[in-house]
Amino acid sequence: MKRITTPLTEETVAGLRAGDQVLITGTIYVARDAAHKRLAALLEEGKELPFDPRGQIIYYMGPSPARPGRVVGAAGPTTSGRIDPYTPALLRAGLKGMIGKGNRSPEVRRAIQEYRAVYFAAIGGAGALISRSITASEVVAYPELGAEALLRMQVEDFPAIVVNDIYGGDAYEEGKRTYRIEE
Amino acid sequence: MREIAAETVAETVARLCMEANYDLGEDVEGALRAALEREESEVGRGILRQILENAAIARQEKIPICQDCGLAVVFLELGQEVHIVGGDLYEAVNEGVRRGYREGYLRKSVVRQPFSARQNTGDNTPAVIHTRIVPGEHLRITVAPKGGGSENMSRLAMLTPAAGRQGIVNFVLRTVDEAGANPCPPIILGVGIGGSFERVAYLAKYALLRPLGTPNPDPELADLERELLERVNRLGIGPQGFGGRITALAVHVEAEPCHIASLPAAVNIQCHAARHKEAVL
């Protein structure tokens, strides 16, 4: 288990390999497809984003409402593939990490290598457990999107697994190859 | 004739929405424990342990098992001797969803104008309601919140009769293989066969309500379930797609007669957070 902190440095990213299990501590940003659509439109128009993406991690997630006195409700990852169309532009703008679940498109995997970033997966459907790693949450932009607003969160020992690294490694492909029984 | 108040329906639906989201069924938890015994991948076992821990936290602290608290799919089995009084039955179901999702701190995940504005309805309504009129004087309500990630990977095929059993097996395997890590494996497969275009999708969803590990009473279908489960688990996708022996916990098949020209088949993929609760009024 590797402990890493945000923002991600070139060195941290270079030290991560597909299949590595990590614990992430620091600030992360949270956005789903609806917020990404707006971020991508801003980049397209050459405008400033509501946060500086350089070295940051975006977590693909839309939490359930927090009970009174709680930081957040359930907070597990959503399917990353829906964000793929917006991802290369964010990586070009300096984003270094993404947390979600499921396969990325060939374009995103190429962009991860080109811009030297990393794609992590968190456990889908473990939203109650994951919420324990989140110590603070605030809305940064798009509150009108409700559960799909852009958030900033503080995380402590947030568990994730590296899926795609800068070397072209893919933990899903490697895992499936190891256990597949061809007929 | 027996009277049931619409308000009773609303209260019941509200309670079931919350229970379904906090309290994973014993059958699913049992299947996850059995999977932990059989999984060879160390990463996979770690993931299964965390999924079980998640279920315990959700139940204890009344936090949803998953932040995707689902589209509320509601099955009604309405006895023909029942008379609903004091309101509209479907409005009562939607009122129950509204209350359950608000009072239970559940995420509202429904948007109107699906291909344009996509504006959140704010209360997780409308529910998708399937009604069956049956003999008797009871109303059975099953609330089955369904997440978007696994629903998106579900598929329907109008196969030709010549495709036969092999065609169905190939279609199911292709669907699961293409889904990969996206639907949050270990998954449960509801497979519908026969009926018509719209009926086969319903059958696939209905198949998911059966307690895990209970085979179809028809020996031919039970045999198909066994073959499908074994072959799906040879795909190697494993827990959360990181490789392993356990890609699916169960396969449930439901079949009905169909047209002489057709062989409809549908696969409804369900993530490991297989949530459904029922009550009989």
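Q: How do α1(B) and α4(B) sit, parallel or oblique to each other?
A: This is a predicted model, and in it α1(B) and α4(B) are oblique to each other. The axes of α1 (residues 6–22) and α4 (residues 89–103) of chain B cross at roughly 40 degrees, and angles under 35 degrees would count as roughly parallel.

Q: Within what distance do the axes of those two helices, α1 and α4 of chain B, come?
A: They come within 7 Å.

Q: Is the crossing of α1(B) past α4(B) left-handed or right-handed?
A: Right-handed.

Q: Which residues make the contact between α1(B) and α4(B)?
A: From α1(B), the list includes Ala6(B), Val9(B), Ala10(B), Val13(B), Ala14(B), Cys17(B) and Met18(B). On the α4(B) side, among them are Leu89(B), Ala92(B), Val93(B), Gly96(B), Val97(B), Gly100(B) and Tyr101(B).

Q: And how many residues of that α1(B)–α4(B) contact are nonpolar, polar and charged?
A: There are 12 nonpolar, 3 polar and 5 charged.

Q: Which residues of α4(B) are buried?
A: Leu89(B), Ala92(B), Val93(B), Asn94(B), Gly96(B), Val97(B), Arg99(B), Gly100(B) and Tyr101(B) are buried.

Q: What covers the buried residues of α4(B)?
A: The cover includes α1 of chain B, plus strands β2 (71–79), β3 (82–85), β6 (128–134) and β7 (139–146) of chain B.

Q: What span should α4(B) have, and how far apart are its end C-alpha atoms?
A: With 15 residues at 1.5 Å a residue, α4(B) should span 21 Å, and its end C-alpha atoms are 21 Å apart, so the two agree.

Q: Which residues of α3(B) are buried, and what covers them?
A: The buried ones are Gly44(B), Gly46(B), Ile47(B), Leu48(B), Ile51(B), Leu52(B), Asn54(B), Ala55(B), Ile57(B) and Ala58(B). Their cover includes α5 (127–130) and β7 of chain A, together with α1 and α2 (26–38) of chain B.

Q: OK, α6(B) and α8(B) next. At what angle do their axes cross, and within what distance do they come?
A: The axes of α6(B) and α8(B) (residues 219–232) cross at roughly 35 degrees and come within 10 Å. That crossing is right-handed.

Q: Which residues make the α6(B)–α8(B) contact?
A: Arg165(B), Gln166(B), Val169(B), Val172(B), Leu173(B) and Val176(B) come from α6(B). Their partners in α8(B) are Glu220(B), Asp223(B), Leu224(B), Glu227(B), Leu228(B), Arg231(B) and Val232(B). By type, the contact divides into 7 nonpolar, 1 polar and 5 charged residues.

Q: What about Leu173(B), buried or exposed?
A: Leu173(B) has 12% relative accessibility, so it counts as buried; the cut-off is under 20%.

Q: What is Leu173(B) in contact with, leaving aside neighbours within four places in sequence?
A: Arg231(B), Val232(B) and Leu235(B).

Q: Over to chain A. Where is Tyr59(A), and is that residue buried or exposed?
A: Tyr59(A) is in strand β3 (residues 57–59) of chain A. Its relative accessible area is 0%, so Tyr59(A) is buried.

Q: What does Tyr59(A) touch, not counting residues up to four places away?
A: Its contacts include Ile28(A), Tyr29(A), Val30(A), Ala75(A), Pro77(A), Ile99(A), Ile130(A) and Phe158(A).

Q: Which non-glycine residues have a positive phi?
A: Asp157(A) has one of about 50 degrees, and Tyr105(B) has one of about 55 degrees. Asp157(A) is in strand β7 (residues 150–164) of chain A, while Tyr105(B) is in the loop between α4 and β4 (111–112) of chain B.

Q: How does Asp157(A) count by accessibility, and how does Tyr105(B)?
A: Asp157(A), at 30% relative accessibility, counts as partly exposed. Tyr105(B), at 25%, counts as partly exposed.

Conventions:
Residues numbered from 1 in each chain as written. Chains lettered and ligands numbered in written order. Predicted model: local features only at pLDDT ≥ 70, side-chain atom pairs only at ≥ 80, totals over all residues. Heavy atoms only, no water. Axes fitted to C-alpha atoms, helices over the stretch in contact; angles between N-to-C directions. Helix = DSSP H or I, 4+ residues; strand = E, 2+ residues; numbered from the N terminus. Parallel < 35°, antiparallel > 145°, perpendicular 65-115°, else oblique. Left-handed = near helix turned anticlockwise from the far one by under 90°. Contact = heavy atoms within 4.5 Å. Nonpolar A, V, L, I, M, F, W, Y, C, P; charged D, E, K, R; others polar. Expected span 1.5 Å × (residues − 1). Buried < 20%, exposed > 50% of the residue type's maximum accessible area, 1.4 Å probe, protein only.
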